[in-house]
Amino acid sequence: MLLRFVLVTEILSVVFCIHRIFGEKVKFEIKTILLFLGLLTVLEIANTQPVPKIFSLLVYLLIILYCVFRFRRGILDTIINNVLYLVVMTILQFACLVPAVLIFPRNEKGRGLLVNVVVLIFCTFLLGRLKLYRFSQWIEKKEKILYISLGVLCALAAFVLVQAKFFHGIIGESFLLLIPMTILICVLIKQWHKYHGISGKAKEEQSRKEKNDKGYNEFLTQIRMRQHEINNHITAVLSMHYTNKTYEDLVRAQEKYFSRVVEENKYNSLLALGDEVIIGFLYGKLGELEDEAEITYKITVESYETIVSAYYIVQMLGILLDNAAEAIKGIGEAPGKIHLEIRETKEAFTYEVRNPFPYVPYSELEGWFALGKSNKGPERGVGLYHLKCLCGKLGCDLICRNIEMEEENWISFLLKVNKTIQRRED
């Protein structure tokens, strides 16, 4: 009879503890009653019948199923709260076990009843005030899942060792408890890594977008400021005939002035792309490269709508432009040249970045895309290798070739981004 009281008080402790952790009051509805009867049946069989020790693990399966169907939370929230319930019950039972051993040193059932009664009283009247239902939210927000999980595993291992010391041997049920807990922790670690990866990528993309948006806004501000000056430029051009005596002098002066106006407004064509992130990125990037090379570009697109995210377009164009800037260093005394061209076809958008460079055999060009291998210096192959991986992931085509322009050889990188996603397995 005393064993039945021990089982009933233990089950009631579990029920109250679970509801307090989920932030709800205990209501003895049909689901709760079924859980009570199911746990009582499993524990009764485990304590009175010659069944394998692993049979008692059905208790934890029933509790998890109850939490899923009763509280209807997300998988991660359910796992965290179940781990938290096990931690709370372990701590409470351990705290009560020490004085119970002193009171009932030889009576195991009396010791178990005392522990369960004290835990039940605590769960019924005090546990709700701790508001542990906020804990799972805190863990998700602070990304502390991994550390909490490892702490739980250590706590349970310590509990098993303490039990072994008091009872002169490890209790089978307690030892087997470590198995599902280890599985739960592995699931948590996997979820944490997945969430951390997605979160890190989102933060990186958001940071990049904010930076490029800033460049785009600065670009628009400069254009608006120059629009206010256009009438003055027109007046200056028309008035040049007052200061130039011959027609030839007038033409030369107007050409020189027009060249200055064009130079000041040379990036206005970027607006044809219509994508704030890419426009801001190109405006900032081309402006940075002006100190190292003579920059020219050409954009011939009608409607710029690409399925590939601007996040990846920025990465790929950044690698190509950085690669071109590195390639022209140390080649001749005159400033190098970098040309960017964006074209549209029916099937795709084509991005070409080219720069003057000595002729390279095509057998060597292929080696530039290997990890850490490049004819342009140590570690130059990292960026192109990453670009190759991105193209494989997004289904883009990349061509590297020698082309003859203005009686000199140029290296051209041609990136073709399809208007529909074509992912590859390799």
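A search of the whole structure, which is a predicted model, finds six aromatic pairs. In one of these the rings of Y66 and F71 have their centres 6.0 Å apart, and because their planes stand at 85 degrees, which is over 60, the pair counts as edge-to-face. Y66 is buried, with a relative accessible area of 6%, and F71 likewise counts as buried at 6% relative accessibility. Another pair joins Y311 and Y312, whose ring centres are 5.2 Å apart and whose planes are at 75 degrees, so this pair is edge-to-face as well. Both Y311 and Y312 are buried. Elsewhere, F357, W368, F369 and F413 come together in one aromatic cluster.

**Overall make-up**

The protein contains 13 helices and five strands. Of its 426 residues, 41% are buried. When contacts between residues at least 6 apart in sequence are considered, 71% of them join residues that are at least 24 apart.

Helix α1, spanning residues 2–21, packs against helix α2, residues 30–48, at an angle of about 140 degrees, and the two axes are 10 Å apart. On the α1 side the contact is made by L3, R4, L7, V8, I11, L12, V15 and H19, while α2 contributes T32, L35, F36, L39, L40, L43, E44, N47 and T48. Sorted by residue class, this contact of α1 with α2 comprises eleven nonpolar, four polar and two charged residues.

The packing of helix α10 (residues 276–289) with helix α11 (residues 310–327) has an angle of about 15 degrees, with the axes 10 Å apart. Because that angle is under 35 degrees, α10 is roughly parallel to α11. The crossing of α10 and α11 is right-handed. From α10, the residues V277, I278, F281, L282, K285, L286 and L289 take part, and they meet A310, I313, V314, L317, G318, L321, D322 and A325 of α11. The residues of this contact of α10 with α11 divide into twelve nonpolar, one polar and two charged.

| Helix pair | Angle | Axis separation |
|---|---|---|
| α10 (residues 276–289) and α11 (residues 310–327) | about 15 degrees | 10 Å |

I319 is found in helix α11, and at 14% relative accessibility, which is under 20%, I319 counts as buried. Leaving aside residues up to four places away in sequence, I319 touches G383, L384, H386 and L387. The C-alpha atoms of I319 and Y385 are separated by 10.0 Å, although these residues are 66 residues apart along the chain.

**Loop residues**

The loop between α11 and β2 (336–344) holds K329, which counts as partly exposed at 49% relative accessibility. K329 and E292 are 37 residues apart along the chain, and their C-alpha atoms are separated by 8.2 Å.

L130 has its place in the loop between α5 (108–125) and α6 (133–142). Its relative accessibility is 51%, which is over 50%, and L130 therefore counts as exposed. In sequence L130 and G23 are 107 residues apart, whereas in space they are 10.0 Å apart, C-alpha to C-alpha.

R72 is placed in the loop between α3 (58–71) and α4 (75–103). With a relative accessible area of 62%, R72 is exposed. R72 is not a glycine, yet it has a positive phi of about 50 degrees. Most residues other than glycine have a negative phi.

Conventions: Residues are numbered from 1 along each chain as its sequence is written. This is a predicted model: local features need pLDDT of at least 70, side-chain atom pairs count only at pLDDT 80 or more; totals for chains, interfaces and linings use all residues. Side-chain values use heavy atoms; hydrogens and water are left out. Axes are lines fitted to C-alpha atoms, for helices over the stretch in contact, and angles run from 0 to 180 degrees between N-to-C directions. Helices (H or I, at least four residues) and strands (E, at least two) are DSSP runs, numbered from the N terminus. Angles under 35 degrees count as roughly parallel, over 145 as roughly antiparallel, 65 to 115 as roughly perpendicular and the rest as oblique. A crossing is left-handed if the near helix is turned anticlockwise from the far one by less than a right angle, and right-handed if clockwise. Contact means heavy atoms within 4.5 Å. Ala, Val, Leu, Ile, Met, Phe, Trp, Tyr, Cys and Pro count as nonpolar, Asp, Glu, Lys and Arg as charged, and the others, Gly among them, as polar. Rings of Phe, Tyr and Trp (its six-membered ring) pair if their centres lie within 6.5 Å; planes under 30 degrees apart count as stacked, over 60 as edge-to-face and the rest as tilted. Buried means under 20% relative accessible area, exposed over 50%, partly exposed in between (1.4 Å probe, protein chains only).
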